[in-house]
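Thank you for sending this for comment.

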Amino acid sequence: MTDQITIRRPDDWHVHLRDGDIMRAVVPYTAAQFARAIVMPNLSPPVTTSAMAADYRVRILAAVPEGLDFTPLMTCYLTDAADADDIAAGFAQGIFTAAKLYPANATTGSAHGVTDVTKIMPALEKMASIGMPLLIHGEVTDSEVDIFDREAVFIDRILSGLVRDLPELKIVFEHITTEDAVQFVDSAGTNVAATITPQHLHINRNAIFAGGIRPHAYCLPVAKREKHRLALRKAAISGSVKYFLGTDSAPHEIHAKESACGCAGIFNAPYAMESYAAVFDEEGALDKLDGFASLHGPQFYGLPLNKGTITLERKAITVPEKLKTGGASLVPFHGGDQLVWQIAK
Ligand code: DOR
Ligand code: ZN
């Protein structure tokens, strides 16, 4: 039995760091685990310009604890009015690493998102020509489509057309949750990849209703049936360079989660690597963790691999039920449960 594994320092290719007090509370967790992270722009107001992203990056860096070496990689929130020139200039200056497509009203902070992808074609064409990745929240927003079908319908109605029309565009299908998404990504060209969260590898939709309604197991895209979870596990451990780590850690304070209309989002940053390691271990695929967590992401983005390593060891750890940090009260993913791997100190 393997009891210790050393991998290259990992990155998180999808995280919500928020702003203000909650940002200062959560940044240390991500910075302790990852060398870099792709930071989502769904603030209020959203990060739509390179100037806003440059300012946001300064605020994030000020929240990184001393002694930690962490680089936030900024993204542009696409709206119907997306400015192709500012996006390209921001990318050229190293302010933007990618741009994010939220279909309008698909999820938290997406009210200013894109109402119709045809409206942002000039920006997408520009991005394709300069090699700037497009990150997609892949769910249709049509309320007549069952919430558990919204990702699969998005592939049929939007994503396949986009991939066909812009064959040069680098696309990351974010936080995939279905077997349909895995099949789509597998059969697409090398310009299409996907991130997978820890929660979608650990839970299926039953977890949201286990003995009562479980707001801390609710995120978007919502967890699906067991067969989908199994397909995601297979993809994550496959060794395919198309799949890489993206936690989608999305903190909301307890009162916003435990509410008659609770927010979507799972705060998994504090034990993210421990959570992924558990999955790879259960699958007998610890040898594939390095690729998923530390190699495939930078390769897809065309960024250098991190220097240095981290070591995980088989040593049980109980995840606190609640984390009170910087005035915020947050429930972490796996709160109250035991994880069998931890990062060696
Ligand atoms: O569960 C989610 N929470 N999914 C998203 O797409 C957004 C995120 C958030 O910002 O809270
Ligand atoms: Zn997200």
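The points that follow concern a predicted model, and they should be read with the structure in view.

1. Polar contacts. A polar side-chain atom of His252 lies 2.7 Å from an oxygen atom of ligand 1, while Leu220 places a backbone N or O atom 2.8 Å from a nitrogen atom of the ligand. Gly265 also takes part through its backbone, with a polar atom 3.2 Å from an oxygen atom of ligand 1. Taken alone, ligand 1 exposes 290 Å², and the protein buries 99% of that area.

2. How many disulfides does the structure hold? The structure holds zero. A disulfide is a covalent bond between the sulfur atoms of two cysteines. For Cys261, the closest cysteine sulfur belongs to Cys263 and is 7.4 Å away, which is too far for a bond, because a pair counts as a disulfide only when the two sulfur atoms lie within 2.5 Å.

3. Is Cys76 buried or exposed? Cys76 is buried, since its relative accessible area is 1% and the cut-off for a buried residue is under 20%. Cys261, by contrast, counts as exposed, with a relative accessibility of 67%, given that the exposed class begins over 50%.

Conventions: Residues are numbered from 1 along each chain as its sequence is written. Chains are lettered from A and ligands numbered from 1 in the order in which they are written. This is a predicted model: local features need pLDDT of at least 70, side-chain atom pairs count only at pLDDT 80 or more; totals for chains, interfaces and linings use all residues. Side-chain values use heavy atoms; hydrogens and water are left out. Buried means under 20% relative accessible area, exposed over 50%, partly exposed in between (1.4 Å probe, protein chains only). A polar contact is a pair of N or O atoms within 3.5 Å; within protein, one must be able to donate a hydrogen and the other to accept it, and residues adjacent in sequence count only if both atoms are side-chain atoms. Accessible areas come from the Shrake-Rupley method with a 1.4 Å probe; for residues, only the protein chains shown count as cover.
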